[in-house]
There are 2 protein chains.
Amino acid sequence: MNALWLENNRIDLRDVSQPRKPDEALIKIRKAGICSTDLELVKGYYPYTGILGHEFVGEVVEADDAAWVGQRVVGEINVVCGRCEQCLNGRSTHCENRTVLGIVNRDGTFAEFAQLPTSNLHRVPDSVPDEMAVFTEPLAAALEIQQQVQVKPTDRVLLVGAGRLGQLIAQTLALTGCDLHVVARHAHQQSLLKKREIRVIAEEEIQPWRWDVVVEATGSPGGFALARKAIRPRGTLVMKSTYQGEMSINFSSIVVDEINIIGSRCGPFEPALRLMEARQVDPTVLIVEEFKLQDALKAFERAAETGVLKVLVEIPR
Amino acid sequence: MNALWLENNRIDLRDVSQPRKPDEALIKIRKAGICSTDLELVKGYYPYTGILGHEFVGEVVEADDAAWVGQRVVGEINVVCGRCEQCLNGRSTHCENRTVLGIVNRDGTFAEFAQLPTSNLHRVPDSVPDEMAVFTEPLAAALEIQQQVQVKPTDRVLLVGAGRLGQLIAQTLALTGCDLHVVARHAHQQSLLKKREIRVIAEEEIQPWRWDVVVEATGSPGGFALARKAIRPRGTLVMKSTYQGEMSINFSSIVVDEINIIGSRCGPFEPALRLMEARQVDPTVLIVEEFKLQDALKAFERAAETGVLKVLVEIPR
């Protein structure tokens with residue numbers, strides 16, 4: 001089948017033959033989204049060779065349980081063992097033996113087909129169109145913040161970064177009723193937020209030492225420094241991005257101010273689907289362009305442009 | 001009065017005349033303890049000029065409210081404004097205008113007398129002797145961990161470091177019933193723990209990625225690295241030490257493993273006094289030597305020796 005292959009920091013379209021995994025569903029991919037992690041994998045920040053892609057919506061074409069066949073689905077990206085200490089303690093996204101769709105030892109979704117265990121799949125409600133469902137994975141990641149931190153309606157919350165993930169975080173945090181302000185660098189990012197009546201704040205207007213919860217979603221040392229400056233003593237700083245290499249920080253000040261730093265990654269799919277079904281969030285506003293699979297290289301070029309939000313890849317039937 | 005004065009990384013005993021602050025109690029110091037922060041102040045890690053010392057027990061000799069006069073007391077070290085955003089939100093130890101006894105803009109307790117507002121004072125129960133009461137401040141700091149983190153009886157808890165503060169943390173964490181293991185480098189530290197049936201663990205026996213809560217109390221990059229290796233995904237890493245300068249860490253792994261890092265500083269005095277009154281903890285086992293105020297320089301030399309726990313300074317009546 002036709003697929004976007006990553007090897008040695010290079011992507012190309014090639015014909016890949018994939019052995020059929022007997023315990024897994026075969027999914028015909030309909031749409032797949034390009035995420036910052038994909039761009040970082042291409043840059044070689046993490047070692048991975050195989051088919052890229054982990055944000056998708058597709059249709060089950062083969063499965064042991066016939067009830068799945070014909071269902072339109074999204075899929076959790078961590079394929080887990082169910083037997084390790086993390087799995088046995090309810091932390092299966094941290095499975096010690098996990099493979100990760102399009103990221104770690106498992107071919108991804110910029111391809112005609114992908115395979116996943118049916119236990120990873122979630123049926124997409126009929127009222128959620130493909131271009132919305134393809135955002136389930138990043139929207140779930142945004143919701144992970146609220147799995148970890150109780151964001152109270154009275155909290156002053158600062159979100160640093162309004163890119164692909166930042167926009168989804170902004171939309172979900174706004175639902176809590178908290179006093180949310182977002183640092184957004186690009187005009188298009190700002191305008192999407194303002195359309196949802198989410199307040200944008202300029203860096204120089206940020207009062208230091210005043211914010212109950214700060215979410216860092218830029219992945220840059222500058223973004224972290226800004227978040228650190230803004231957070232109040234005993235406040236919670238959520239780190240929602242990965243960072244290149246090591247970062248140098250003043251831990252004494254973290255101790256003196258009793259700051260709580262919390263790393264945040266993959267989140268829950270069902271509430272993400274519920275919020276989209278109810279139209280309480282609308283990730284489709286992030287879409288800037290859609291390419292066919294045969295133009296996936298162009299799609300990646302477009303996604304890598306500064307300030308560009310979501311680029312989708314459509315896999316024709 | 002005679003006092004231990006710090007200026008330009010040098011301490012000496014000198015006669016210091018202190019203006020009487022009308023709104024504060026005058027306290028005759030009975031005993032004061034040397035803490036790692038004092039040693040760091042002498043090394044110049046933080047800028048401070050004045051009388052050193054913040055761990056003390058004393059007797060009120062003058063106060064506006066006559067009921068305090070003659071009371072044996074300990075005192076909270078942060079003197080706060082009561083009006084800033086932190087004070088008004090119940091975080092008075094983080095007061096933005098605070099002075100800190102013997103640390104920030106306020107003369108400390110290696111002296112015949114010290115002054116504090118009566119709102120900072122706590123009466124010492126009669127059954128708690130001076131040599132125990134002098135540990136109230138560091139014991140309260142140990143208890144701050146349990147103000148911030150719910151340590152469950154089922155938790156596997158690793159404490160890295162068994163020095164002055166580490167010993168008190170070990171004694172208080174052991175009260176939770178958690179599965180506590182302590183990394184203690186020196187034989188004397190180990191033997192104190194074993195006498196209380198607290199388990200000591202060798203570094204090479206620490207299973208990585210397995211501990212629910214890890215407390216870092218060494219203040220060294222090596223201690224942090226060990227703590228980071230030990231903590232399980234979604235675990236809580238309590239940082240209970242200050243660190244010299246900046247520290248370089250891999251934040252991506254913190255995000256991927258969704259680690260919770262929490263800085264921890266000053267804690268509550270009343271529960272510390274209660275635990276000592278009930279003899280549920282016994283900090284006096286940490287005392288290695290006591291010096292008179294006139295030998296305070298020798299006391300500091302002794303306290304700076306490797307593996308030495310608590311050195312006290314007695315101020316004769």
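User: Which residues are linked into a cluster by ring pairs?
Analyst: The model considered here is predicted. Over all chains, the count of aromatic pairs comes to 6. Ring pairs also build a cluster, and its members are Phe224(A), Tyr243(A) and Phe251(B).

User: How are the rings of Phe251(A) and Tyr243(B) arranged: stacked, edge-to-face or tilted?
Analyst: A pair of aromatic rings is described by the distance of the centres and the angle of the planes. For Phe251(A) and Tyr243(B), the centres are 6.2 Å apart and the planes meet at 55°. Planes under 30 degrees apart would count as stacked and those over 60 as edge-to-face. The pair of Phe251(A) and Tyr243(B) is therefore tilted.

User: What does the pair of Phe251(A) and Tyr243(B) join?
Analyst: Phe251(A) is buried, as is Tyr243(B). Phe251(A) belongs to helix 8 (residues 251–256) of chain A, whereas Tyr243(B) is found in the loop between strand 15 and strand 16 of chain B, so the pair joins two chains.

User: How many residues apart in sequence are the parts tied together by Phe110(B) and Phe300(B)?
Analyst: These two residues form an edge-to-face aromatic pair, 5.5 Å centre to centre with 80° between the planes. Both Phe110(B) and Phe300(B) are buried. Phe110(B) is in the loop between strand 8 (99–100) and strand 9 (113–116) of chain B, and Phe300(B) is in helix 10 (residues 296–303) of chain B, so the pair ties together parts whose separation in sequence is 190 residues.

User: Over which ring does the charged end of Arg156(A) sit?
Analyst: In chain B, the charged end of Arg156(B) sits over the ring of Trp211(B), 4.4 Å from its centre. In chain A, the charged end of Arg156(A) is 4.4 Å from the centre of the ring over which it sits, that of Trp211(A).

User: What arc do the buried residues of helix 9 of chain A cover around the axis?
Analyst: In helix 9 (residues 269–277) of chain A, the buried residues are Phe269(A), Ala272(A), Leu273(A), Leu275(A) and Met276(A). They lie on the same side of helix 9 of chain A because the arc they cover around the axis is only 160°.

User: Is Gln244(B) buried or exposed?
Analyst: Gln244(B) is located in the loop between strand 15 (231–239) and strand 16 (247–249) of chain B. Its relative accessibility is 56%, and the cut-off for exposed is over 50%. Gln244(B) therefore counts as exposed.

Methods: Residues are numbered from 1 along each chain as its sequence is written. Chains are lettered from A and ligands numbered from 1 in the order in which they are written. This is a predicted model: local features need pLDDT of at least 70, side-chain atom pairs count only at pLDDT 80 or more; totals for chains, interfaces and linings use all residues. Side-chain values use heavy atoms; hydrogens and water are left out. Helices (H or I, at least four residues) and strands (E, at least two) are DSSP runs, numbered from the N terminus. Buried means under 20% relative accessible area, exposed over 50%, partly exposed in between (1.4 Å probe, protein chains only). The arc is that of the directions from the helix axis to the C-beta atoms. Rings of Phe, Tyr and Trp (its six-membered ring) pair if their centres lie within 6.5 Å; planes under 30 degrees apart count as stacked, over 60 as edge-to-face and the rest as tilted. A charge sits over a ring if NZ of Lys or CZ of Arg is within 6 Å of the ring centre and within 35 degrees of the ring normal.
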